[in-house]
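Subject: Structure handover and findings

Hello,

I am passing on the structure we spoke about, for you to take over. Please open it first and keep it beside the notes below.

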Amino acid sequence: AAPGGGGGIRVLLRRKQVDSDRARAAGGQQLAKELSITQLIAIGVGSTVGAGVYVLVGTVAREHSGPALTLSFLIAGIAAALSAFCYAELASRCPSAGSAYHYSYICVGEGVAWLIGWALILEYTIGGSAVARGISPNLALFFGGPNSLPWILARHELPWLDVVVDPCAAALVFLVTALLCVGIKESTFVQGIVTVLNCCVMLFVIIAGTYIGFQTGWVGYKVSGGFLPYGVNGMLAGSATVFFAYIGFDSVASTAEEVRNPQRDLPLGIATSLTICCSLYMLVSVVIVGLVPYFAMDPDTPISSAFARHGMQWAMYLVTSGAVLALCSTLMGSLLPQPRILMAMARDGLLPSFFSDVSEKTQVPVKSTIITGICAASLAFFMDVSQLAGMVSVGTLLAFTIVAVSILILRYVPPDEVPLPSSLQTSFRLSQECDEEKVGSPLGDGNHEQGTSEIKDVIVVESINDPLIEKQLYTNWMS
């Protein structure tokens, strides 16, 4: 209960003390620490490289960027990297499930955390449902046409409800949900295989497209409008559009509690996955914009139509398979964080304790995973979620903003006023006092050596997780 008279406001601004050692000592249920840096990269790349790149290339090039599409991807990648660095720092300092919800609860307060938690759940649920409904039309191309799926999987219109149901989308959601219930190690292994296959398709597009480009003379870069037909403003507008092709790296932060060495692996996993995604996006855009003039691109199937223009009709099936693999990987990336956010909220008492139960056999929140799978499958089966897609963007921007604000609070608010783990409180306090000593004392050899010694002590303290050892080091440093 919140102390004092202004109970409602105090509850909304209440921040929690996070200490994983204290939680383990209390006998709380913990997730299995199974993830390595390779698996984190697979989660990050698989959740980020979706089928959007197979469509965005044509739409953005035609309407905004022209041949400068590569620069649009680069600018968007830099903007995404700034958010990714914020996630990486918070995830390594506070490695617990919940992602942006967890960070906002620590740094801002319970009211904002409640809002962020539900915004993330809405984002992942609607986003996963939209992705699932996008798989069936692509699968139908392998059966001969847009409406060629077997009857049991094909879309059907219910005239009395005026809706179009999609059994294939619901079945895929249930399949991914069952895989996530098996265990985090097994599900990330499958996602890694799917991600590698998708990257192989994109590498084929890059290599084969480069060969065709040198054979034909890169006609897309010889248009009369030049490299910037829509000007710098068009290029920036294109970067704002393709920015959402980078969303997905926050899925890595949601698995922080399941990482073996979070302080090292989480920043490397997030940064490496984002670098891979940005490189693939830029290389694909360089090739496709060079093969076909931007004004002649097919806005729906830009890559496969570009190869078809040069006599490679068979490449359509390979590109379509890459789109299907990308959608399946993105679907897994959308369903993975939801149970962990629900579990974090239940641990804090904002949801019933039912959602925080962790299976003793698989060490994953099976009950929360099943509930989120049922909700996502229902949306994918009954609803055309394209009308709700704008709400996904709102939730994402809100989460990114709160994470950046949390970083500012950690940097500029005194450590005693932020309920960080005790192991971090000492290192923050020592760092601030060390900076004050160096600023207040004149520069000299003795002071320089003393400052160097103090910095070494701080580094040692930050690398040790035992509070007793930290206390002794702090006492020695003060003396």
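The notes below cover the pocket, a surface patch, the salt bridges and a few loop residues.

This is a predicted model, so local features need pLDDT of at least 70 and side-chain atom pairs count only at pLDDT 80 or more, while totals for chains, interfaces and linings use all residues. Residues are numbered from 1 along each chain as its sequence is written, and side-chain values use heavy atoms, with hydrogens and water left out.

The pocket

The largest pocket has a volume of about 1400 Å³. A pocket here is an open set of points on a 1 Å grid over the protein atoms alone, where a 1.4 Å probe fits, with protein on both sides within 12 Å along at least five of seven lines. The volume is the space filled by probe spheres set on the points, and grid points are joined across faces, edges and corners. Lining residues have an atom within 4 Å of a point.

The lining of the largest pocket has 48 residues, and those nearest its centre are Ala51, Gly52, Ala130, Val131 and Leu327. By class, 23 of the lining residues are nonpolar, 19 polar and six charged. Nonpolar covers Ala, Val, Leu, Ile, Met, Phe, Trp, Tyr, Cys and Pro; charged covers Asp, Glu, Lys and Arg; the others, Gly among them, are polar.

Several helices supply at least two lining residues each: H3 (37–48), H4 (52–65), H7 (110–140), H11 (250–254), H13 (302–309), H14 (315–335) and H17 (389–412). H7 gives the most, with 10 residues. Helices (H or I, at least four residues) and strands (E, at least two) are DSSP runs, numbered from the N terminus.

The nonpolar patch

Phe85 is found in H5 and counts as exposed, at 51% relative accessibility. Exposed means over 50% relative accessible area, buried under 20%, and partly exposed in between (1.4 Å probe, protein chains only).

Salt bridges

The whole structure holds seven salt bridges, each a side-chain nitrogen of Lys or Arg within 4 Å of a carboxyl oxygen of Asp or Glu.

- Arg411 pairs with Glu89, with 2.7 Å between the closest N and O atoms. Arg411 lies in H17 and Glu89 in H5, so the bridge ties together parts that are 322 residues apart in sequence. Arg411 is partly exposed at 46%, whereas Glu89 is buried at 17%.
- Asp166 pairs with Arg155 at 2.8 Å between the closest N and O atoms. Asp166 is buried, with a relative accessible area of 0%, and Arg155 is partly exposed at 39%.
- Glu257 pairs with Arg347, the closest N and O atoms being 2.7 Å apart. Glu257 is in the loop between H11 and helix H12 (262–291) and Arg347 in helix H15, 90 residues apart. Glu257 is buried at 5%, and Arg347 is partly exposed at 33%.

Shared partners also join Glu89, Arg93 and Arg411 into one network of salt bridges.

Loop residues

Most residues other than glycine have a negative phi. Trp218 has a positive phi of about 50 degrees although it is not a glycine. Trp218 sits in the loop between helix H9 (184–216) and H10 and is buried, at 17% relative accessibility. Gln363 also has a positive phi, near 60 degrees; Gln363 is in the loop between helix H15 (337–347) and helix H16 (366–382) and is partly exposed, at 33%.

Ala296 lies in the loop between H12 and H13 and is partly exposed, at 25%. Ala296 and Gly220 are 76 residues apart in sequence, with 9.4 Å between their C-alpha atoms.

Regards
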